[in-house]
Amino acid sequence: MAKVKVEVPVLTGSTVFPVMKEGATSGIKSHLAKEKDMVALGFPGALLPDWKERAVERMAELLKKYKSLQVYLDICVKCGSCTDKCQFYLGTKDPRNMPVARQELLRKVYRRYLTVSGKVLGPLVDAEDLTMETLDEWHTYFYQCSECRRCSVYCPYGIDTAEITMAAREILDAIGYGQKYITEIIHKVYTIGNNLGMPGPAIQSTLDFIVEDIKDTTGAEVELPMDVVGADVLLVTPSADFFASPHVESLAGYAKVFKQAGLSWTLSSHASEAGNFGMFIGNFEVMRNVAKRIREGIEIIKPKRLVHGECGHAWRIAYSFWNTLIGPFDSLDPNYPAPQHICEFTHDLIKRGALKLDKTANDDFVVTFHDSCNVARGARMGNMKGGQFVIPREIIKATCNKFVDMAPNTIHEHTFCCGGGGGILTDELIDVRIKGAMPRMNAYKAIKDSHGANFFALICAICKAQMTKVFPYYGYEMEEVGGVHQLVNRAIVMGGKEGI
Amino acid sequence: MEPSVLLTLVFTAMAYGAIAVFVAGVAAKLYRYKTTPSPLRIPTTPAPISPIGVPFRIFGDVVFFNSLFKGNKWTWIGGIVFHYAFLMVVLRHLRYFFYPEPGWVMSLQAAGIYAGILLPLAVLYLLMRRTSVDRTMFVSSLADYFVLALIFCIAVTGLLMKYYVRPFMVDVKGFVYGLVTLNPSAVPFEPVFLLHLLLVFTLLVYFPFSKLMHSGGIFFSPTRNQCDNPREKRHINPWSPNLGA
Ligand code: SF4
Ligand code: SF4
Ligand code: SF4
């Protein structure tokens, strides 16, 4: 792969409004999708000859299917409230990365072909013809959005640019102009069952390896069971947890928690992926096809409970969409939420005093927590408002002595995205990813300088992959990045159960 | 036909035309917003966790501009002053639509005057914000300036009548009330008043086709009008209700 030129912003500890640089990242494009991946997903393999008509048609269809799209394309007043909220604008300085400017890329075509005023008045009302340049602009800037929804929080009407990005990507897919990274991964899920493309036996052997490794390094005897029919708990987690670092350390953490809870649990080789890149391209059918494996996994394993591992976008889909996509979960025990986040599960045990945690095991660390945006703004945990902010932090505080939060305007629903979500975790976009991470990195630098933070805890597989990649560019160790259950894994004292 | 009769005819026709376009246009848009399905649950945090909380959240955004407050205090203050001044001015005008004038409308008259003075100032402030920040400057276009200019001119012609040209209020009321009661009467021949009317008609006709639909659209914004209980209550996608469909 050709080396991509990168430019790393200098961290100052606080993110200020940049001086705009038009076209700063106009040349950074993700690769076009391959024919075989597009076809497998049910899209045209290459750009259709009548792409223009088809694109407008698809847009019109989507407008009838999505209230969000219809309302949001109409009602933006360009107040500017969102303009300085996107990490990709703050990091790249490219004004097309301001949420409202991103939306306008789609809106001007909407006006031109699908509104009365645009048809009549054209350029006077910002209506613009759909051209090949427009398509390329879409392919550029709708893949410089991580669908993190930060902009939506500050919009007076809640306009959610992620909804618009998804629609734009759907239109691009419908005319055969998709993106390689996302379609390739979904294709792997269709044929093999998970994003990494690991067949069952390969997962089994890595699991065996991890079990050995845990034993060698910590002396703990844990199990990572797979395909145990009738287990109490089915754990669905991103496949990165089986393979990538630091993800595996959280997997070890889950295993220890389950063991201490005394529950039988299992992974499923069929439902071996919590992630669902169908969301990134916004296509309902694809998203449901991917999610269907979870439903089938439940049918195969027949568990009482469904628990979900650490992953941001996946938790949004599981929490917010699964019930719609593949519910209802009538076969599961109604006394537990379906699905239940592993943090909810662990937190519950901690509250009941069922886990023994030795905080000193994490004494090397001053921990801070990154609210992954899909969890923060698109899902929840527990039974109270804001549970997704409280529960992971309470777990962290139970596993270490030193916890500090980053600046208030960068956490909770205000959190900055890691810069790698939403289907842009691909090498050709590394420059944009580095810059998109800048506001988050600035907040981390600030807490590092003031409180000595040296462990960046999070609960998202993509964030973990992105941050371990990006940290070194900013001069930090990738080992500073890790999962919440990685802390649990280190602190948990095996054996001594205290009254479950 | 006498010129004054012709003028009355033209303005009466335009008034009914503009109102018809406004009502039909807004109704059509709102109908579309209402009937377009929401396939998935997408509320943005902090969302209420039960349906009871939804009206409160929307109330906060409609009445206090809560989300805008989080986003930008300077725009928020301008927006608040502008919208409430606009509202007051509209309410003040109700005196032309009723006979006898309801007491509460009359009690608003004094405040309405201040609002009338504040309105063009608020517009100028918003214009200044729009042009002085590079980000909003970049995203602004003709349509955005057009609405500001239109409302500015409406406000200024209104103030001109209040303080300078002073047409016969009885005639003005006679014309407007005539429209309301479907009993058209002569339009006062006062150029500033006629211009004021023309601008208002323009605004009414422009309204349903423009971003001014934010006023109704906000109630249909899925990130704001949904509650956060997807695990407890299964949300059905109306256009694809079942798995395997
Ligand atoms: S905050 Fe909302 S209304 Fe304002 S410019 Fe952004 S998208 Fe448009
Ligand atoms: S969804 Fe996130 S990445 Fe996309 S425009 Fe909004 S703030 Fe930027
Ligand atoms: S990877 Fe993490 S921070 Fe980035 S979009 Fe996903 S959840 Fe948000």
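Colleague: Which strand is joined to strand E5 (residues 367–369) of chain A?
Modeller: There are 3 bridges between E5 and its partner, and the two run parallel. Strands (E, at least two residues) and helices (H or I, at least four) are DSSP runs numbered from the N terminus. A:Phe369 has A:Ala457 as its bridge partner. The strand joined to E5 is E6(A).

Colleague: What kind of model is this?
Modeller: Residues are numbered from 1 along each chain as its sequence is written, chains are lettered from A and ligands numbered from 1 in the order in which they are written, and side-chain values use heavy atoms, with hydrogens and water left out. Local features need pLDDT of at least 70, side-chain atom pairs count only at pLDDT 80 or more, totals for chains, interfaces and linings use all residues, and the model is predicted.

Colleague: Which residue of strand E7 is the bridge partner of A:Phe456?
Modeller: E6(A) is joined by 3 bridges to strand E7 (residues 481–483) of chain A, and they run parallel. The bridge partner of A:Phe456 there is A:Val481.

Colleague: Are the residues on both faces of strand E6 (residues 455–458) of chain A buried or exposed?
Modeller: Buried means under 20% relative accessible area and exposed over 50%, with partly exposed in between (1.4 Å probe, protein chains only). One side carries A:Phe455 and A:Ala457, the other A:Phe456 and A:Leu458. Both faces are covered, and these four are all buried.

Colleague: Which strands stand at the edges of the open sheet of chain A?
Modeller: The sheet has 4 strands in the order E2-E1-E3-E4, with parallel pairing. Each edge strand has a single partner, so one side of it lacks a neighbour in the sheet. Two strands pair if DSSP finds at least two bridges between them. The edges are strand E2 (265–266) and strand E4 (340–341).

Colleague: Which residue of E4(A) stands opposite A:His308?
Modeller: Strand E3 (residues 305–308) of chain A is joined to E4(A) by 2 bridges, and the pair runs parallel. Opposite A:His308 stands A:His341.

Colleague: What is the relative accessible area of A:Tyr254?
Modeller: A:Tyr254 lies in helix H12 (residues 247–261) of chain A. Not counting residues up to four places away in sequence, A:Tyr254 touches A:Leu235, A:Thr237, A:Asp241, A:Gly309, A:Glu310, A:Ile342 and A:His485 (contact means heavy atoms within 4.5 Å). A:Tyr254 is buried, with a relative accessible area of 0%.

Colleague: How many charged residues are in the shell around ligand 3?
Modeller: The surrounding residues (a heavy atom within 4 Å of the ligand) include A:His370, A:Cys373, A:Cys417, A:Cys418, A:Cys460 and A:Cys463. Helix H16 (373–378) and helix H20 (461–473) of chain A each supply at least two. Ala, Val, Leu, Ile, Met, Phe, Trp, Tyr, Cys and Pro count as nonpolar, Asp, Glu, Lys and Arg as charged, and the others, Gly among them, as polar. The shell has 6 nonpolar and 5 polar residues, and the charged number none.

Colleague: What volume does the largest cavity hold?
Modeller: On a 1 Å grid over the protein atoms alone, a cavity is a set of points where a 1.4 Å probe fits but cannot get out; a pocket is an open set with protein on both sides within 12 Å along at least five of seven lines; lining residues have an atom within 4 Å of a point. Points join across faces, edges and corners, and volume is the space filled by probe spheres set on them. The whole structure has 8 cavities of 30 Å³ or more. The largest holds about 280 Å³.

Colleague: Which element gives the most to the lining of the largest cavity?
Modeller: The lining has 19 residues, with A:Asp74, A:Arg111, B:Phe209, B:Ser210 and B:Lys211 closest to the centre of the cavity. By class, 7 are nonpolar, 3 polar and 9 charged. With 4 residues, the top contributor is H5(A).

Colleague: What volume does the second largest pocket have?
Modeller: The lining of the second largest pocket counts 15 nonpolar, 9 polar and 8 charged residues. The volume is about 640 Å³.
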